Amino acid sequence: MRKAHSSNDDATGQQLSLLIGLVVVLALGVGAADIWHAVTHPQPVPHPGILALVIIGAAVANSVKVLVRVRSNHNRTTWGEIPILVGLAFLPHVWVVLCSVIGIAVIKIVTRVALQRAVFSLAKEVLIVSAAGLVLTLAGAPPISHSPVAAGVAVTLAYVAMSLVDEIVFMPVFAVASHTTVLQAMRKDLSDRLIAHVFRLATVVYIIVILAVEASPLLLGFVPLLVLCLHLWHSRQLRTNEERRSWRELAKTTDELSSVELTHVLHVAAAQGARVFSSDEVEIDLTASGVDRVVRARGSDVVHDGPRPSRDAYVTEITADLETGDHSYRAGLLTLGFHGPIKLTEFEQYKLKTFAAALCTAIRNATAYAELQRLNEQNAYNAAHDPLTGLANRRELYEHAGRHFPGRPGDGVAALLLIDLNHFKEVNDTLGHAAGDAVLREVARRLADAAAPGDLVARLGGDEFAVLLTDLPTPALAAHRAKSMLATLEESVTVEGMQITVEAAGGIALAPGSGGVNELMRRADIAMYQAKRAGRQVATYAHAQDTADVSRLALGGELQRAVAEHEFVVDFQPIVDLGSGEVTGAEALARWHHPEHGYLTPVEFLETVERSGRLPAFADAVLDQALEAADQWREAGFDLPVAVNVSPRSLLDPSFPETVLARLSRHAVPADRLVFELAETLTLSQLDVVGRALTELSEAGVRLALDDFGTGVTPLSVLSHIPVHQLKIDREFVGGVQTSSEAAAVIRSTVDLARSLHLTVIAEGVESEPQRHALWGLGCVAGQGHLFARPMSATRLLATLQRGTAGRPGVLAAPLHDGAAVVRMSRRRSGGTGRSALPHLPA
């Protein structure tokens, strides 16, 4: 990078040298012509005092300057026209040329200006003075000998000639030095230069007219004072305009920094910073924030973006820390580089500080947005992938497969390969779970490598994998592809120095015409177990070998009619406070009012519903009736939560939480009045999939209960995965609470666990008063069963609540104690948890 920079500098220096040389040659020619004219037309030597005044005037006018910095160079605006034109009013122009050159030379020597600049200034002065002298010579005698009007016209023409020569000589040099075109250089600050010319011209004309009227050289003594006043005004005007321009450029640049893309922010800041601060280079170094990245720009071009390269130091480097005002965040360092000695004004320092603060904020915002975007992408990836193997998870498989049902026109055949590893449990039991995880990762890698483009490999949980095969030309190719993939698993796997042989069985199911993903998964599962039973590696689903019950299949064909004719009805069984007998809630129990078979329980039809693809419609029907009943009871004065059983398959639907919340809103039922009951037999692999939906529902206020608690194998694992609010003890333990010490121990431990986790415990299947007393003694505070009421319709339950027991509405059993024996806790029924009161139990 630095070599390219040096080459550009060399080229610029050569161009400047050529231009300055051309100006010097022209000045020498013009100076020689002036001398020749003075020799051929001799005139008396002017009075030394007048010559001294012109020399002093030229020196003073050229030493009092208005400076405009361009990178490491300064554009100097002077009042040198005034002493020149005033001198030409009294002297032949050759003497004015000589006096001006002497005055300027003295100033350059005193201020130790570089030789090249000094020579250029002197050459330019010769050309300017000669141009003015030529115009006045063509106008006739010196201006002061004319009438005031003629003198003003002559001086005006001379001033115009001087200004044009000045622009023609200076602008090419300025354009090369600032790396712009001549036209751009001439347009820069044109309005300010024209205003300055007008005032200087007016000053010169005024002085010349006064001299023409008075014709006294003594008036020259007042010229410096007038020039000084005008200089102060001009300086202030230029400074004000420059500050306004700078603020406009700074505001425009900071507006462009309002981007969330870090590279755009850095490139804009570097490229525009060189223009805003008129620097040779801008560098933004982010290494202080822990990122090895440096961005550099020269002019409007970004010349480097990457790790810090080596470079030569500039003559002047001005730095600004990119950090917040409270120093809590530091993005890096901003450096302005100049080839020459530069000192920023107080205004420029403040502008740099403002720019650095804006850039720091932009970098921080862009970095935060990039991190947020990365986290969103990571979360999206985690939600769709198995954390152990990196394969797609069950949810991603379902969503991906759903896009192929029904098949799009022109697509090939779709099939699902379900793979289960044989004897994998022995690996975990013998070598430990770390070894088992290593085997699973290797299996995942081999399956992913063997998959064809467009196929999706997923891990469903445990040692179960699935491969969605898409765009198959023929159905027969599915079996061939499956055998090839399973063949990759035959080579042994090395784990902890041991060679382990992986055996697997696979089931293939072609995409069905109806039933969707759930039916495809069911068929592949059946085929896989057929392969296991037959001792084969792969089996393909065959409808004739489907061992499903014929009556269940018949029910499946009637589901569409059942949903359309509203044959699914809901009964409700009240949940009662065991101590007081007060109703604290109700459980919704779905029934199928079949026209031929009568009332069917969920045990008889739920599996058919789940596998048929009609589960969403069934779940909506049950939920609508449950919420409608809750709303009816609340209007009658009984604000009871209603519990609804939910299938894990429903929770696999990403839109399920949104659907539930919409139903709650439509029925105007608060979210905490709805309880979803989950089967405790949920597996951990299922929880990984449905946990997100349960969390979303819980955060919205919906309560969650774990049904049949104690019958599963991993209750504590389930509790750690989902935000449970209630535990329901299975009727198997309730039935043996009086006769079985083991059943009583399970109930007591469940109550103790619930208390430590601040959960409510509800006993199912309470059939007798002795059972009620025994449960109460063990600390269980709520129950449901035939002792209190059988399942009934919503209307009948409302009538039962209104009637109550012993004239007490909402109470279905006599209390076990008097009022003094219980310490009541707040129910918070309208907006709380809806939990029952906890009794004060004897020690």
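Two strands pair if DSSP finds at least two bridges between them. I wrote that down before looking up Ala-415, which stands opposite Leu-469 in S10. The model I am reading is predicted.

**Entry 1: the sheet.** I traced an open sheet of five strands, in the order S9-S10-S8-S13-S14, with mixed pairing. At its edges I found strand S9 (456–461) and strand S14 (538–540), each of which pairs on one side only. On average, neighbouring strands here are turned by 20 degrees against each other, direction ignored.

**Entry 2: the strand S10.** I looked up the partners of S10 next. S8 and S10 run antiparallel and are joined by seven bridges. S9 and S10 also run antiparallel, with five bridges between them. One pair I noted is Gly-461, opposite Glu-464 in S10. S9 and S10 form a hairpin with two residues between them. In that turn, Gly-462 has a positive phi of about 60 degrees. I then asked how many of the nine residues of S10 are buried. The count is eight, and I noted S10 as mostly covered.

Entry 3: Helix H14 (residues 433–450) lies across S8, S9 and S10, and runs at about 5 degrees to S10.

**Entry 4: S13, S14 and Ala-479.** Strand S13 (residues 503–510) and S14 run parallel, joined by three bridges. Ile-508 has Thr-540 in S14 as its bridge partner. Ala-479 touches both Ile-508 and Thr-540, leaving out residues up to four places away in sequence. I placed Ala-479 in helix H15 (residues 476–487). Ala-479 and Ala-539 are 60 residues apart in sequence, yet their C-alpha atoms are 8.0 Å apart in space.

**Entry 5: a helix pair.** Helix H10 (residues 262–276) and helix H11 (residues 346–384) pack at an angle of about 170 degrees, their axes 9 Å apart. Therefore I recorded H10 as roughly antiparallel to H11, since angles over 145 count that way. On the H10 side, the contact residues include Leu-262, Val-265 and Ala-269. On the H11 side, they include Lys-351, Phe-355 and Leu-359. I sorted the residues of this contact by type: ten are nonpolar, two are polar and one is charged.

Key:
Residues numbered from 1 in each chain as written. Predicted model: local features only at pLDDT ≥ 70, side-chain atom pairs only at ≥ 80, totals over all residues. Heavy atoms only, no water. Axes fitted to C-alpha atoms, helices over the stretch in contact; angles between N-to-C directions. Helix = DSSP H or I, 4+ residues; strand = E, 2+ residues; numbered from the N terminus. Parallel < 35°, antiparallel > 145°, perpendicular 65-115°, else oblique. Contact = heavy atoms within 4.5 Å. Nonpolar A, V, L, I, M, F, W, Y, C, P; charged D, E, K, R; others polar. Buried < 20%, exposed > 50% of the residue type's maximum accessible area, 1.4 Å probe, protein only.
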